[in-house]
Amino acid sequence: MLFALATLVALFDFLELLRESAVAPQASFGIVTEIELLRLPWSFMQILPFAVLLGGIYAFWRLARSSELVVARAAGISAWQFLAGPVLLACMFGMAGTALLSPLSALTYGRAETLDNMYLKPNGGPLSLNGGDLWVRQADTGLTAKGVAVVHAKDVQLHDRMLEADKVTILRLDPQNTLLARIEAAKATLDHGHWALQGVNVLRPDAAPQYSVSLDFPTDLTVSRVQESFASPDSLSFWALPGFIAVLKRSGFSAIQHELAFQALAALPLLCATMALVAAGFSMRPSRRGSPGTMLASGVGCGFALFMVSEVANQFGTSGAIPVLLAAWAPSVAGLFLALALLLHLEDG
């Protein structure tokens, strides 16, 4: 079921890439195919819970149709006993996806994004989605110990691995956030270990402005860190996300999306186990107790409803309306309890 769903998703995604490549003459058929193949591991990650749901529905329905579940109950085996194996297996699928498939998916998805920005969106990229603006906070010990500098750059563009910006503003603060100096520059280039500023005005409290043609301002920011900070959380693995979230917070970037991605990967085993229980609740009933088609359709509908609830919770979490932990874990936990309630009603009620 996992491979069937992945093939279906890849087919539609490939057709969309072909449509985009129609207006990008530099994107050949081979490039489009490579992008789609690199996205496949990410597709596996996204559809794994649905594969568990549909595969579980099909398996339990076959067992119920052949009366094997009836024989198991007659032998004194309860539903909870023979569900322990499938639920544990589904949880192991989720753990394998989080621990093993996630690093591969992050590696290939990051490469796919690079090719996409290079050939299909040559004037796009992560910075263009942010309007070309860059905000970053960094340590600044030039004026006082434990000082902080807030850097704002407009019209940020990447050219041959060089980051260039116009109208750069640097606010130099002390640990109590008192303004010590303000630097205005017409142009800036991010070089190794410093910003190379041009057309600089240095403003200090109770002092006349100082103008200089050029000025080097030290920074620990790098071009790769800027690119990664605006990149999708899908291009980072489960193991790399905690350290990267710490870097984002230290640099002043928003880490909500990355925290949501990390918690969603951590909740994947529970979500897969929940899907297995939902599949069992809607497909283990004998055929004589109701229309099997209706029950199977209800199971699929319940699974997609759980997916929609997860997406809505994810949007609320991204906006900051609800905590990240609640947005990532609440749908899986709620679905688990609903599935357990359904099984208790059907088997023991």
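**Helix packing, salt bridges and backbone features**

Leu11 is partly exposed, with a relative accessible area of 46%, in a model that is predicted. This residue lies in helix H1, and together with Leu8, Phe12 and Leu15, Leu11 makes a nonpolar surface patch of about 400 Å².

Helix H1, which covers residues 2–21, also takes part in a contact with helix H2, which covers residues 29–65. The axes of these two helices come within 7 Å and cross at roughly 145 degrees, and the crossing of H1 and H2 is right-handed.

A search of the whole structure finds six salt bridges. Side chains of opposite charge can pair when their charged atoms come close. One of the salt bridges joins the side chains of Arg39 and Asp13, with a distance of 3.1 Å from N to O. Because Arg39 lies in helix H2 and Asp13 in helix H1, this pair ties together parts that are 26 residues apart in sequence. Arg39 has a relative accessibility of 17% and therefore counts as buried, since the cut-off for a buried residue is under 20% relative accessible area.

Arg39 forms a salt bridge with Asp116 as well, and here the closest N and O atoms are 3.3 Å apart. As Asp116 belongs to helix H4 (residues 79–120) whereas Arg39 lies in helix H2, the pair ties together parts that are 77 residues apart in sequence. Asp116, at 8% relative accessibility, likewise counts as buried.

Another salt bridge is found between the side chains of Arg182 and Glu184, which meet at 2.5 Å from N to O. For Arg182 the relative accessible area is 33%, so that this residue is partly exposed, and Glu184 is also partly exposed, with a value of 24%. Elsewhere, salt bridges that share partners join Asp13, Arg39 and Asp116 into one network.

The backbone was also examined for positive phi values. Most residues other than glycine have a negative phi. In Lys146, by contrast, phi is near 60 degrees, a positive value in a residue other than glycine. Lys146 lies in the loop between strand S1, which covers 134–139, and strand S2, which covers 148–159. With a relative accessibility of 71%, Lys146 counts as exposed, because exposed residues are those with over 50% relative accessible area.

A positive phi is likewise found in Lys167, a residue other than glycine, where the value is near 55 degrees. The place of Lys167 is not in a loop but in strand S3, which covers residues 162–173. Lys167 has a relative accessible area of 58% and is therefore exposed.

How values were computed:
Residues are numbered from 1 along each chain as its sequence is written. This is a predicted model: local features need pLDDT of at least 70, side-chain atom pairs count only at pLDDT 80 or more; totals for chains, interfaces and linings use all residues. Side-chain values use heavy atoms; hydrogens and water are left out. Axes are lines fitted to C-alpha atoms, for helices over the stretch in contact, and angles run from 0 to 180 degrees between N-to-C directions. Helices (H or I, at least four residues) and strands (E, at least two) are DSSP runs, numbered from the N terminus. A crossing is left-handed if the near helix is turned anticlockwise from the far one by less than a right angle, and right-handed if clockwise. Buried means under 20% relative accessible area, exposed over 50%, partly exposed in between (1.4 Å probe, protein chains only). Patches are made of residues with over 30% relative accessible area and no salt bridge: like charges are joined within 9 Å, nonpolar side chains (Val, Leu, Ile, Met, Phe, Trp, Tyr) within 5 Å. Accessible areas come from the Shrake-Rupley method with a 1.4 Å probe; for residues, only the protein chains shown count as cover. A salt bridge is a side-chain nitrogen of Lys or Arg within 4 Å of a carboxyl oxygen of Asp or Glu.
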